Amino acid sequence: MNTKNNRRRRESIERIEKVFIELLQTKELHEITVSDICKKCQLNRSTFYANFADIYELADKVREYLEGEVKRLYEIEETQKFNSNDYLRLFCHIKENQLFYRTYFKLGYDNQFKLKYYDIHQAKRHFENRHIEYHIEFFRSGFNAIVKMWLTGGCKETPEEMDEIIRSEYQGRG
């Protein structure tokens, strides 16, 4: 019986995702085939197709997983409608999950992600509620660029140092 929560099925999905992420470190998405994944996982193609329509659905599942993890980091803030500006929590998560974040950026999903943890109230005060969407995009793009640079360098700086870098960019606005 191949039910949704079947242990063997979950293990197969985890193996597929793990191999997919490994392959993405050396290949582009369009270069990866279902056969590559199945061969490396030692699974049948039917197992892959029982869980994913194609490589792109698999990539979307990886994205959804990572975005869900980030959302859980800030769940309390989202439900209580406040922003702590706690970037340290995110930098710790990035350092602990470097492979996932490298994959996320390599797939180009950072351009699609809508920044939900930007302090819009603070921005409205500092920018007199003008052109907020430009300020959000400026912050999102800059933040992503810094994270990519950090990941490329192997996350040598501590999460605390990265938090300080972000804060120093906005000093005088706190």
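The model is predicted, and local features need pLDDT of at least 70, side-chain atom pairs count only at pLDDT 80 or more, and totals for chains, interfaces and linings use all residues. Residues are numbered from 1 along each chain as its sequence is written, and side-chain values use heavy atoms, with hydrogens and water left out.

We can begin with the overall fold. The protein chain contains 10 helices and zero strands, where helices (H or I, at least four residues) and strands (E, at least two) are DSSP runs numbered from the N terminus. Read from the N terminus, its elements follow the order α-α-α-α-α-α-α-α-α-α. Of its 174 residues, 35% count as buried; buried means under 20% relative accessible area, exposed over 50%, and partly exposed in between (1.4 Å probe, protein chains only).

The largest pocket comes next, with a volume of about 450 Å³. Closest to its centre, out of 17 lining residues, are Ile 13, Glu 14, Glu 17, Phe 52 and Lys 61. On a 1 Å grid over the protein atoms alone, a pocket is an open set of points where a 1.4 Å probe fits, with protein on both sides within 12 Å along at least five of seven lines, while lining residues have an atom within 4 Å of a point. Grid points are joined across faces, edges and corners, and the volume is the space filled by probe spheres set on the points. Helices H1, H3 (45-51), H4 (55-73) and H7 (98-106) each supply at least two residues of this lining, and H1 gives the most, with eight. By residue class, the lining divides into eight nonpolar, one polar and eight charged residues; Ala, Val, Leu, Ile, Met, Phe, Trp, Tyr, Cys and Pro count as nonpolar, Asp, Glu, Lys and Arg as charged, and the others, Gly among them, as polar.

Charge pairing is a further theme. Side chains of opposite charge can pair when their charged atoms come close. The structure holds 11 salt bridges, each a side-chain nitrogen of Lys or Arg within 4 Å of a carboxyl oxygen of Asp or Glu. In helix H1, Glu 22 and Lys 18 lie four residues apart, about one turn of the helix, and they form a salt bridge with closest N and O atoms 3.9 Å apart. Glu 22 is partly exposed at 32% relative accessibility, whereas Lys 18 is exposed at 55%. Another salt bridge joins Lys 27 to Asp 36 (3.2 Å, N to O); Lys 27 is partly exposed at 26%, and Asp 36 is partly exposed at 23%. In helix H4, Glu 69 and Arg 72 are three residues apart, about one helical turn, and their salt bridge has its closest N and O atoms 2.7 Å apart. Salt bridges with shared partners also join Asp 60, Arg 63, Glu 64 and Glu 67 into one network.

Arg 9, in helix H1 (residues 7-24), is buried yet has no salt bridge, with the nearest side chain of opposite charge, Glu 57, 8.3 Å away. The side chain of Arg 9 does reach the backbone oxygen of Ala 50 at 3.4 Å. Arg 140, in helix H9 (residues 132-152), counts as buried at 9% relative accessibility.

Definitions and conventions:
Lys and Arg count as positive and Asp and Glu as negative; His and the chain ends are not counted. A polar contact is a pair of N or O atoms within 3.5 Å; within protein, one must be able to donate a hydrogen and the other to accept it, and residues adjacent in sequence count only if both atoms are side-chain atoms.
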